Amino acid sequence: NYRMLIIGVLIVVIGYCLMIGGGSDDPTQFHADEIFSFRRITLAPIVILTGFVVVLLGIMKKSKE
């Protein structure tokens with residue numbers, strides 16, 4: 001069960017890493033295509049929710065012992 005929990009936490013961390021970035025060095029510039037990209041708006045939340053489901057399954061799953 002611990003292995004499943006660790007895998008789930010790693011999936012969540014990967015999802016949050018997918019959301020990183022999109023900023024600009026110049027505060028007067030706004031790059032909407034970077035901030036509202038498919039990776040940040042769609043892919044990262046799906047990966048994070050998948051990680052949470054894996055963690056929940058790791059908690060709820062009965063051990064073989």
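The protein chain exposes about 5300 Å², and carbon and sulfur atoms supply 70% of that area; accessible areas here come from the Shrake-Rupley method with a 1.4 Å probe, and for residues only the protein chains shown count as cover. You are looking at a predicted model, in which local features need pLDDT of at least 70 and side-chain atom pairs count only at pLDDT 80 or more, while totals for chains, interfaces and linings use all residues. Residues are numbered from 1 along each chain as its sequence is written, and side-chain values use heavy atoms, with hydrogens and water left out.

**The whole chain**

- Three helices and zero strands make up the secondary structure; helices (H or I, at least four residues) and strands (E, at least two) are DSSP runs, numbered from the N terminus.
- Along the sequence, the pattern reads α-α-α.
- The radius of gyration is 16 Å, well over the 11 Å that the globule rule gives for 65 residues, so the chain is more spread out than a compact globule. This radius is taken over C-alpha atoms, and the rule is 2.2 Å times the number of residues to the power 0.38.
- Taken along the principal axes, the C-alpha atoms fill a box of roughly 60 × 20 × 10 Å.
- Of the 65 residues, 20% count as buried (buried is under 20% relative accessible area, exposed over 50%, partly exposed in between, with a 1.4 Å probe and protein chains only).
- Among contacts (heavy atoms within 4.5 Å) with a separation of 6 or more, 69% join residues 24 or more positions apart.

- Arg 40 sits in helix α3, which covers residues 38–60.
- Arg 40 is buried yet has no salt bridge, and Glu 34, the nearest side chain of opposite charge, is 5.9 Å away. A salt bridge needs a side-chain nitrogen of Lys or Arg within 4 Å of a carboxyl oxygen of Asp or Glu; Lys and Arg count as positive, Asp and Glu as negative, and His and the chain ends are not counted.
- A polar atom of the Arg 40 side chain lies 2.4 Å from the backbone oxygen of Glu 34.
- Beyond its neighbours within four places in sequence, Arg 40 touches residues including Leu 18, Met 19, Ile 35 and Pro 45.

- Ile 59 belongs to helix α3 and, at 55% relative accessibility, counts as exposed.
- Ile 59 and Leu 5 are 54 residues apart along the chain, with their C-alpha atoms separated by 7.2 Å.
- His 31 lies in the loop between α1 (2–18) and α2 (32–35), and at 29% relative accessibility it counts as partly exposed.
- The C-alpha atoms of His 31 and Ile 41, ten residues apart along the chain, are separated by 14 Å.

How values were computed. Polar contact = N/O pair within 3.5 Å; in protein donor to acceptor, adjacent residues only side chain to side chain.
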